[in-house]
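Please view the structure first, then read on.

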Amino acid sequence: MSTLTDISKYMSLILRHKPQAIGIALDEHGWANVNELIVGISKTYEFDMEMLEEIVRTDNKQRYSFNEDKTLIRANQGHSIPVDVELGESEPPEILYHGTGEKFVVSIDEAGLIPKSRLYVHLSKDVETATSVGSRHGKPVIYEVLAGEMNRDGYKFYLSENKVWLTKSVPIKYLRKIVKENG
Ligand code: HQG
């Protein structure tokens, strides 16, 4: 794995979950000071503004955003710490997908989707993306989420800057497990 990938993973830990790992704080909207971030990461990796800009530009999921003058940076979604990244409420497509690991299915079928350590349940717009999200947790299982119906019933949906669909929770009545024909 390249150093930039390692640093990007470290950045997502810092900007989503644990800014105190490098002794910095996020503001209420999830922004970190860019200079402080660079100084903090430089204690572990050789790191500078040019590398930070490259990570933000090339990140495969567009996880990070700068403010206009690039003095601040934040993660677009995925936080476990309570920050308000000013998500826009959006009308979701009729169906969204959630990929999970087989080991969670019994519990999900009982309790629906809950955000666990994060602020929101993360939903994908296609089965392919959901499958890769689910594979992070072992053998993937995909659920269809009846997002349109949920939304009409009053549940709010948000689309993050990097196009991940988010909602607070999904009750079981809006979930349909996709059963693969070949098992
Ligand atoms: C599961 C990655 C038991 C849920 C991805 C998931 C995503 C339950 C796991 C983003 C449950 C939490 C988020 C219940 C939900 N009982 N388990 N009632 N309800 N779960 O990692 O959605 O690469 O916090 O199904 O691409 O896997 O980091 O969430 O399997 O967009 O940018 O609890 O993280 O993006 O796992 O992934 P996670 P996630 P990054």
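The shell around the ligand is made up of 6 nonpolar, 6 polar and 6 charged residues; here Ala, Val, Leu, Ile, Met, Phe, Trp, Tyr, Cys and Pro count as nonpolar, Asp, Glu, Lys and Arg as charged, and the others, Gly among them, as polar. The model is a predicted one, in which local features need pLDDT of at least 70 and side-chain atom pairs count only at pLDDT 80 or more, while totals for chains, interfaces and linings use all residues. Residues are numbered from 1 along each chain as its sequence is written, and side-chain values use heavy atoms, with hydrogens and water left out.

Among the 18 residues around the ligand, the nearest are Lys61, His98, Thr100, Ser107 and His137; a residue is near if one of its heavy atoms lies within 4 Å of the molecule. Two elements, β5 (96–101) and α4 (105–111), each contribute at least two residues of this shell. The largest share, 3 residues, is supplied by α4. Such helices (H or I, at least four residues) and strands (E, at least two) are DSSP runs, numbered from the N terminus.

The protein chain is divided into domain 1 (4–75) and domain 2 (96–178), with bounds from an automatic or database domain assignment. Their centres, taken over C-alpha atoms, are separated by 27 Å. Because domain 1 and domain 2 both give residues to the shell, the ligand lies between them.

Polar contacts (pairs of N or O atoms within 3.5 Å) can be followed individually. A side-chain N or O atom of arginine 63 is 2.8 Å from an oxygen atom of the ligand. At glycine 112, a backbone N or O atom lies 2.8 Å from a ligand nitrogen atom. Histidine 137 places a polar side-chain atom 2.6 Å from an oxygen atom of the ligand.

Conventions. A polar contact is a pair of N or O atoms within 3.5 Å; within protein, one must be able to donate a hydrogen and the other to accept it, and residues adjacent in sequence count only if both atoms are side-chain atoms.
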